[in-house]
Every structure is written in structure tokens, then in C-alpha cells.
Amino acid sequence: MKTLLRTLLYLALIVWLGAEIFFPIVAAITFTTLSPNTHTAGAIVGRLLGILHGMGLVSGMVALALLALAPVWAIYKPRAVLAPMILVVLMIALTGFSQFAIIPAMERDRLAAGGAIDAAAATDPSRIHFNKLHSRSEFVEEAILLLGIATVVLVARAETA
């Protein structure tokens, strides 16, 4: 039973972190391939980001549940799972913030700019705000990845605690 639960915990983290690592590669290839049509590339990346966030939220909930149950089933000591649980909660919160706050705001800005953000003037307030949100979105995704790596390290360390 211990092996099964550890395996499920690692799989949940692997799925989430794997997607976080894979996403920027796919985005870069998409933008390189479709560079003349950034609107289409952006639409594709937007859809992929929604899928990524969905996977992250499900994986995060599974990981959080398994971490919460691990001390009950004597897999890890309660103190050993506290820090990983906090990091997973932060990852879930950041994922939700990106999906439900940043992305809808970017979509509003895109529509306000006439549907294609690149067609708007560089001084257009909608385009300026969109670019600010895009930078924030990248920062949030990077933070999720770093928190995820730290979580894996802490979980691996918990096995020896």
C-alpha cells in the first residue's frame, strides 16, 4: 500500500511538472512555426494553457490528498509532509490565479484591442495591459515549476525522515 500511494503521489507531481516543462517548448515551436500569424499561435497557446491548468489543478488536488493521507497510513511522518503540502497549495493557488484571473483579463484586453492584440498600436492601453499580464503569466508559470521542483525534493527527502 505504501508503494502504491508513493507512486500515485509521484505520478501526480510528474504529470504536473512534466506539463509545466513541456508547455514552453510547445509554445516556442508554435510561435516559431506560426510567426507570421501570432493571433492563431496565441489562440493555440491559450487553449493549451487551459489544458495545462486543468491538469495542474487535478494533479495538485490528488497530490494534496495523498500528502494529507500519508501520515495516517504511516507512509510519511506528519512533520515531513507539512512543507510539501504548503508548496502544493501555493502551486494550486497560482494555477487558479493564472487560469481564472490572468487569462480572462488577457482575453478582455485582446477583445478590447479589436480581436488581434498585435494589430493594436503599441501605445494602445489594452495592448500595454495585455503585455503586462503576459509577463505576469510567464512569471506565475515559472513560480509553479520552481515550487513543484522544491516539492519533489521535499517529498523525496521525507522518505528518509
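How many helices and strands are there in the protein chain? There are four helices and zero strands. Helices (H or I, at least four residues) and strands (E, at least two) are DSSP runs, numbered from the N terminus. Read along the sequence, the pattern is α-α-α-α. The C-alpha trace spans about 60 × 25 × 20 Å along its principal axes.

The model is predicted: local features need pLDDT of at least 70, side-chain atom pairs count only at pLDDT 80 or more, and totals for chains, interfaces and linings use all residues. Residues are numbered from 1 along each chain as its sequence is written, and side-chain values use heavy atoms, with hydrogens and water left out.

Of the 161 residues of the protein chain, 36% count as buried. Buried means under 20% relative accessible area, exposed over 50%, and partly exposed in between (1.4 Å probe, protein chains only).

A nonpolar patch lies on the surface. Met1, Leu4, Leu8, Leu11, Ile14, Leu69, Val72 and Trp73 form this patch, with about 790 Å² of accessible area together. Patches are made of residues with over 30% relative accessible area and no salt bridge; like charges are joined within 9 Å, and nonpolar side chains (Val, Leu, Ile, Met, Phe, Trp, Tyr) within 5 Å. Areas come from the Shrake-Rupley method with a 1.4 Å probe, and for residues only the protein chains shown count as cover. Helix H1 (residues 2–33) gives the most to the patch, with four residues. Leucine 8 lies in helix H1. Leucine 8 counts as partly exposed because its relative accessibility is 36%.

The largest pocket holds about 990 Å³ of space. Of the 31 residues that line this pocket, the closest to its centre are Gly42, Val45, Gly46, Met106 and His134. The elements that give two or more residues to the lining are H1, helix H2 (38–69), helix H3 (78–112) and helix H4 (125–158). The lining divides into 13 nonpolar, nine polar and nine charged residues. Here Ala, Val, Leu, Ile, Met, Phe, Trp, Tyr, Cys and Pro count as nonpolar, Asp, Glu, Lys and Arg as charged, and the others, Gly among them, as polar. On a 1 Å grid over the protein atoms alone, a pocket is an open set of points with protein on both sides within 12 Å along at least five of seven lines; lining residues have an atom within 4 Å of a point. A volume is the space filled by probe spheres set on the points, which are joined across faces, edges and corners.

The structure holds one salt bridge, defined as a side-chain nitrogen of Lys or Arg within 4 Å of a carboxyl oxygen of Asp or Glu. The side chains of glutamate 107 and arginine 110 meet in it (2.4 Å, N to O). Both residues lie in helix H3, three residues apart, about one turn of the helix. Glutamate 107 is partly exposed, with a relative accessible area of 35%.

Helix H3 also holds phenylalanine 100. Phenylalanine 100 counts as exposed because its relative accessibility is 61%. Phenylalanine 100 and leucine 145 are 45 residues apart in sequence and 18 Å apart in space, C-alpha to C-alpha.

The loop between H2 and H3 holds tyrosine 76. At 5% relative accessibility, tyrosine 76 counts as buried. Tyrosine 76 and isoleucine 92 are 16 residues apart in sequence and 22 Å apart in space, C-alpha to C-alpha. Alanine 74 is also found in the loop between H2 and H3. Most residues other than glycine have a negative phi. Alanine 74 has a positive phi of about 60 degrees although it is not a glycine.

Key. 1 Å grid on protein atoms, 1.4 Å probe; cavity = no way out; pocket = protein on both sides within 12 Å on 5 of 7 lines; lining within 4 Å.
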